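These are my notebook entries on a structure I looked through step by step. I wrote down each term with its cut-offs where I used it.

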Amino acid sequence: MRAATDPSQPIVATRPVCPWVATALRVGLGAVALVAGLAKLSDLPESVRAVRAYQLLPEGLAVLTGNALPLVEVILGVLLVLGLFTRVSAAAFGLMLVAFCIGIGSAWARGLAIECGCFGGGGVIDPANTSYVLDLLRDVALITVAAVLVRRPHSRLSLDSALDLSL
Amino acid sequence: MSTPDRLTKTQRRDEARAAALKLREQQQRTAKRQRTIAIAVAVGGVIVLAVVIWTIFAQGNRSSLADVALRPAGSTLSGGIPVGADGVAGSTATPAAADAVVVAVYSDYLCPICGVFEQTNGATLDQLRQSGEIVVEYHPVSILDRSSGGTAYSTRSATAAALVAAQAPEAFVDFHNALFTNQPVETSDTPYLTDAQIADLARTAGVPDAVAATIESGEYLGTQADAAGKPLDQTYVPWVLAATEQASKDLGQLGTPTIVIDGKVLDTKQYNWQEPGQLAQAIADAKG
């Protein structure tokens, strides 16, 4: 049975729908990372202020994070959209999302009234306008997508398969 | 017993072929893994290098207030424009009582609640300042450019305020108030004040025409930097950006308006400044 299938892509033969689903998830996740990164890239001081508003990191690290995060998001977004090193990219973005969840949850728990700053913006807002639940739900959904991609990184229209990389 | 002996020639050939195939597969797998690692190292290296260079560049791009070439005279290194009893911005001889309370007000000219703050407490602050009881430190910051429909209104208005503080300091308070009285609404479909409109407000506040003209022409933003051969740091834009960054650093959470009385951020739960009299109470309590 097994012998009949291509040993490098066992899933393709048995469940031909899967790689296309993985493609959709991969491009979707990558697009989110790309949009989030580009939105912040246009105003780095704002990105730094958004990180500061969480009051979690010491000044030096907050500045570093605010400056580097947008570019890292853009790069991971590009890698995911292209499907290059899908497993590692999805894992990295997933871990970042876990960190974001911790940040948002902690801001909520400490009673801060800030905007998540996930897609630009950020900083102090009216306590009535906070959207911690929505932000967390969105991030958990994205983490799920990332986890699926880590388990099943093989997808159609990816550089991984074009370059025949071992994942 | 001796099974190999009983293998036919064909069987033996098949076995050898299978072994060779297996070996080749293994070699191919190893080659594939090596190729993957090589590509990963190359791509990873480029990415790490890009992030490092980017971050170093971004870190170096931030200048502290002390490094800003053009600062309004008398402004503090925390980005404040102090005004004392005589109503002149940054006046070093600010006449105020020795025990005058310093009230710092951080505001963005686009922030609606800052407008409410000015409406509720502007007169109180002016009065206490004129009597020499307090020194008001105005901190114009720019954090709402994103919400100004691509017109960068926050930065433009704060830069105009800094320019007036520097070149027409006696008109600063009136200009500051005028910017709030004529505050545009923070939505995307409202027309934000043009440079010409800001210049008109400045003229009405008593800013000399020569200064107002540089606002009207956009020169105050350095937009004519090339034509006039004037470098960008001859404007107050870098000061506004550095002052905003400093405010964010000092306050941790830069929201507007933030009121700091003698170095202590006003607790709005204790003193709700939206109720008339509360701010005066907080100032009186700070005085002790």
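I began with the domains of chain B, whose bounds come from an automatic or database domain assignment. Chain B is divided into domain 1 (3–61) and domain 2 (70–287). I looked up how far apart they are: taken over C-alpha atoms, the centres of domain 1 of chain B and domain 2 of chain B are separated by 63 Å.

Before going on I noted the conventions. The model is predicted, with local features needing pLDDT of at least 70 and side-chain atom pairs counting only at pLDDT 80 or more, while totals for chains, interfaces and linings use all residues. Residues are numbered from 1 along each chain as its sequence is written, and chains are lettered from A and ligands numbered from 1 in the order in which they are written.

Entry: the two chains.

I listed helices (H or I, at least four residues) and strands (E, at least two) as DSSP runs, numbered from the N terminus. Chain A has seven helices and two strands, and from the N terminus on its elements run α-α-α-α-α-β-β-α-α. Chain B has ten helices and five strands.

For burial I used C-beta atoms placed from the backbone: a residue is buried if 20 or more other C-beta atoms lie within 10 Å of its own, exposed if 12 or fewer, and partly exposed in between. Of the 167 residues in chain A, 43% are buried. Of the 288 residues in chain B, 39% are buried.

Two residues are in contact if their C-beta atoms, placed from the backbone, lie within 7 Å. I took the contacts with a separation of 6 or more; residues 24 or more positions apart account for 69% of these in chain A and for 67% in chain B.

Entry: where the chains touch.

I found 25 residues of chain A in contact with 23 residues of chain B. On the chain A side, the elements that give two or more residues are α3 (44–53), α4 (59–82) and β2 (123–124) of chain A. Which element of chain A gives the largest share? It is α4(A), with eight residues.

I sorted that side by class, with Ala, Val, Leu, Ile, Met, Phe, Trp, Tyr, Cys and Pro as nonpolar, Asp, Glu, Lys and Arg as charged, and the others, Gly among them, as polar. The side of chain A that touches chain B has 14 nonpolar, six polar and five charged residues.

Entry: the sheet in chain B.

I counted two strands as paired if DSSP finds at least two bridges between them. Chain B has an open sheet of five strands in the order β1-β3-β2-β4-β5, with mixed pairing. β1 (81–83) and β5 (264–265) of chain B stand at the edges with a single partner strand each, so one side of each has no neighbour in the sheet.

I then went through the pairs. β1(B) and β3(B) run antiparallel and are joined by three bridges; the bridge partner of B:V83 in β3(B) is B:V136. β2 (residues 101–107) and β3 (residues 134–140) of chain B run parallel, with seven bridges, and B:V102 has B:V135 as its bridge partner in β3(B). Six of the seven residues of β3(B) are buried, so β3(B) is largely enclosed by the rest of the structure.

β2(B) and β4(B) run antiparallel, joined by four bridges, and B:V103 stands opposite B:I261 in β4(B). β4(B) and β5(B) pair in the antiparallel sense over two bridges, with B:I261 opposite B:K264 in β5(B). These two strands form a hairpin with two residues between them, and B:D262 in the turn has a positive phi of about 50°.

Is β4(B) covered on one face or on both? Both faces are covered: B:T258 and B:V260 on one side and B:I259 and B:I261 on the other are all buried.

Entry: a helix across the sheet.

Helix α9 (residues 237–251) of chain B lies across β2, β3, β4 (258–261) and β5 of chain B, at about 115° to β3(B). The axes are lines fitted to C-alpha atoms, for helices over the stretch in contact, and angles run from 0 to 180 degrees between N-to-C directions.

Entry: one residue.

B:A123 has 12 C-beta neighbours inside 10 Å, so B:A123 counts as exposed.
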